[in-house]
Amino acid sequence: MPIRQARMPISEHLGELRRRLIISVVCLLAAACVLYLATPQIVQFLLDPIRDYMTEAGSASLVVLDPLGGFTIRFRVSIFAAFIVTAPLWLWQIFAFFLPALKENERRWVVPTFIVGVILFAVGMVFCYFVILKPAFQWLLAQTAEIATAMPTATDYLKLIMLFEIGFGIAFELPLVIFYLTIFEIVPYKKLRHSWRVVYVVLMSVSAIITPDASPVTMLLMFAALVGLYEISLLCARIVLNKRIKKRAEEEGALEGGDSEQLARAE
């Protein structure tokens with residue numbers, strides 16, 4: 001869909017938003033219909049990191065407690081998989097909706113940050129799959145083993161896994177938020193750098209909110225990942241800002257040199 005002009009009536013902006021939402025939803029549903037057929041393989045893939053802990057809990061397979069459970073699970077898993085597969089498309093629809101409001105010198109950051117955003121989303125999910133799921137379920141099932149026998153129901157287990165994956169995928173978009181706040185001078189770089197203690201407390205709170213379990217292990221792992229991403233994003237912003245400052249200094253020097261030449265000629 002082409003990028004429209006920035007100045008439009010509110011009705012046209014709403015129409016543009018509706019069109020982009022329709023595109024995202026239609027593509028999501030189409031992908032879900034195709035991926036519905038592959039849900040058994042997707043479920044087995046999602047369970048691989050925690051299969052050993054399921055065995056320790058008393059069962060190596062999931063159970064369904066109602067007749068509609070299988071269909072509901074397959075539908076949720078297909079929507080989850082479609083959300084991941086179509087992530088580049090719906091992320092671009094978000095970027096493209098705000099693109100007309102940006103200035104010409106700001107638009108050059110859209111495509112690079114869009115690519116980085118897709119990569120960060122994927123990295124967040126991979127990090128969760130290989131690093132977070134095992135200690136999270138180990139801790140949770142250990143708490144259960146002390147008081148009861150765990151019955152691994154497919155609905156609860158898969159729902160928790162999908163919440164983990166989406167939560168970490170979204171959380172790993174933090175560098176883009178920091179980058180745009182500093183590059184567009186919404187929040188000064190120095191303020192973010194000097195207020196690191198406050199930022200760390202906020203990141204700790206976000207980690208506690210995003211992680212869907214009560215495990216301190218997953219919260220601390222999420223916090224460590226967010227702190228690392230925060231520091232990397234500030235480093236990237238500093239590099240870009242230094243280049244911008246040097247460029248402005250060169251432009252100002254060129255203007256001053258031109259003015260002095262004009263004054264010399266006038267004399």
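**Reading the model**

Tutor: Of the chain's 267 residues, 37% count as buried, where buried means under 20% relative accessible area, exposed over 50%, and partly exposed in between (1.4 Å probe, protein chains only). This is a predicted model, in which local features need pLDDT of at least 70, side-chain atom pairs count only at pLDDT 80 or more, and totals for chains, interfaces and linings use all residues. Residues are numbered from 1 along each chain as its sequence is written, and side-chain values use heavy atoms, with hydrogens and water left out.

Student: What pLDDT does the chain average?

Tutor: pLDDT is the predictor's confidence in each residue, from 0 to 100. The chain averages 81, and 85% of the residues score at least 70. Over residues 1-5, pLDDT stays under 50.

Student: How many helices and strands are there in the chain?

Tutor: Helices (H or I, at least four residues) and strands (E, at least two) are DSSP runs, numbered from the N terminus. The chain has twelve helices and zero strands. Among these elements, helix α3 (residues 51-57) has the lowest mean pLDDT, 69, and helix α4 (residues 69-85) the highest, 92.

Student: Which residues touch the most other members of the largest nonpolar core?

Tutor: In soluble globular proteins, nonpolar side chains tend to be buried together. A nonpolar core is a set of buried Ala, Val, Leu, Ile, Met, Phe, Trp, Tyr and Cys residues joined through side-chain atoms within 4.5 Å. The largest one here has 64 residues, and those touching the most other members are Ile 50, Leu 133, Phe 137, Leu 158, Phe 164, Leu 203 and Tyr 230. Helix α7 (residues 110-145) gives the most to this core, with twelve residues. Leaving aside neighbours within four places in sequence, Ile 50 is in contact (heavy atoms within 4.5 Å) with Leu 133, Phe 137, Tyr 157 and Ile 161.

Student: Which residues are linked with Glu 16 in a network of salt bridges?

Tutor: A salt bridge is a side-chain nitrogen of Lys or Arg within 4 Å of a carboxyl oxygen of Asp or Glu. The network links Glu 16 with Arg 19 and Arg 20. For Arg 19 and Glu 16, the closest N and O atoms are 3.2 Å apart; for Arg 20 and Glu 16, the N to O distance is 2.9 Å. Because Arg 20 and Glu 16 are four residues apart in helix α1, about one helical turn separates them. Glu 16 counts as buried because its relative accessibility is 4%, whereas Arg 19, at 26%, counts as partly exposed.
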